[in-house]
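This briefing goes through selected features of one protein structure, topic by topic. Please keep the sequence and the 3D view open while reading.

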Amino acid sequence: RGPGDTRGRDGAGEAGILVLRWSSHGALITLVASVGMVTPGAATPVPPQTPSIVLQASALIDVERGVRIEDALVVVAGDRITAAGPASKVAAPADARRIALGGTTLVPGLIDLHVHLTLAGSPEANARATLLAGFTTVQDLGAITYANLDLRDAIAAGKIVGPRVFASGPWIGQSGGICDFRGIGVRGADAVRRRVEEDVARGADLIKVCVSGWLQTAVDRPD
């Protein structure tokens, strides 16, 4: 999502559109918009006076049916995709701005279910790079503080360019054990309960609990 996107974080089935430009060096992926997907060929009503953009592409990948749609059109009104499918079946507004993408292929935005956008480098730069890599939704599973929630909210408010973020807040692990980064670990049921309550109060989308050892522990002690 980028500036101007005011959608809530509880919507379902939303994704973005990527433009794949194929060259001798491989595919160059450019994000066009992070908007709601619709069934190819179907149309969704939009408020009057909403400016529309029509993307004309060589093909569109329909991931639900597992097919490649040739000679595709995607109609975007505001921050929503209102129609998508074969050009012969999509009714595009006469006054829409048309963008001819030539021999490109459109695909839904990607989803990464395990990221840490605030652990190294600039969170803002990480968020932008993740979006431009094609990921329109990510799940941030742990931070030292609640910085990942702040980043999530800044993106949702349009202050930072980045993907839609579902964030857990800090890890919850045992003191002296796994995920006890910089002393954020807890010990005992009461301490765990208080941390969970704080996560909920801060608006965490999910709770990240570390209950097993590190991967190397499994290698050293496979039993």
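A polar contact is a pair of N or O atoms within 3.5 Å; within protein, one of them must be able to donate a hydrogen and the other to accept it, and residues adjacent in sequence count only if both atoms are side-chain atoms. The side chain of S168 makes one to the backbone nitrogen of G142, at 3.1 Å. This is a predicted model, in which local features need pLDDT of at least 70 and side-chain atom pairs count only at pLDDT 80 or more, while totals for chains, interfaces and linings use all residues. Residues are numbered from 1 along each chain as its sequence is written, and side-chain values use heavy atoms, with hydrogens and water left out.

**The open sheet**

- Helices (H or I, at least four residues) and strands (E, at least two) are DSSP runs, numbered from the N terminus.
- Two strands count as paired if DSSP finds at least two bridges between them.
- Three strands form an open sheet in the order β8-β9-β10, and the pairing is parallel.
- At the edges are β8 (110-115) and β10 (164-167), each of which pairs on one side only.
- From one strand to the next, the twist averages 15 degrees; axes are lines fitted to C-alpha atoms, for helices over the stretch in contact, and angles run from 0 to 180 degrees between N-to-C directions.
- Four bridges join β9 (residues 135-140) to β10 in the parallel sense, and V138 stands opposite V165 in β10.
- In general, strands of a sheet pair through backbone hydrogen bonds, either parallel or antiparallel.

- Buried means under 20% relative accessible area, exposed means over 50%, and partly exposed lies in between (1.4 Å probe, protein chains only).
- Helix α1 spans residues 123-132, and A127, T130 and L131 are buried in it.
- Seen down the axis of α1, these buried residues fall within an arc of 100 degrees, so they line one face of the helix; the arc is that of the directions from the helix axis to the C-beta atoms.
- After α1 comes G134, with a positive phi near 110 degrees.
- T118 sits in the loop between β8 and α1 and is buried, with a relative accessible area of 17%.
- Contact means heavy atoms within 4.5 Å.
- Not counting residues up to four places away in sequence, T118 touches P123, D140, A143, A147, N148 and L151.

- S168 belongs to the loop between β10 and α3 (189-202).
- S168 counts as buried because its relative accessibility is 0%.
- Setting aside neighbours within four places in sequence, the contacts of S168 include D140, L141, G142, N148 and L149.
- Also in contact with S168 are D199, A204, L206, I207 and K208.

- D71 is in strand β4 (residues 67-77).
- Phi of D71 is near 50 degrees, a positive value in a residue other than glycine.
- G85 is in strand β5 (residues 80-86) and counts as buried, at 0% relative accessibility.
- G85 and I69 are 16 residues apart in sequence, and their C-alpha atoms are 6.8 Å apart in space.

**Salt bridges**

- A salt bridge is a side-chain nitrogen of Lys or Arg within 4 Å of a carboxyl oxygen of Asp or Glu.
- Six salt bridges are present in the structure.
- D62 and R65 form one at 2.5 Å, N to O; D62 is buried at 4% relative accessible area, whereas R65 is exposed at 56%.
- R68 and E70 form another, with their closest N and O atoms 2.7 Å apart; E70 is partly exposed at 45%, and R68 is partly exposed at 44%.
- E198 and R202 meet in a salt bridge at 3.4 Å, N to O, and both lie in helix α3, four residues apart, about one turn of the helix.
- R202 is partly exposed, with a relative accessible area of 46%, and E198 is partly exposed at 34%.
- An α-helix has 3.6 residues a turn, so residues three or four places apart point the same way.
- Salt bridges also link R152, D153 and D205 in a network.
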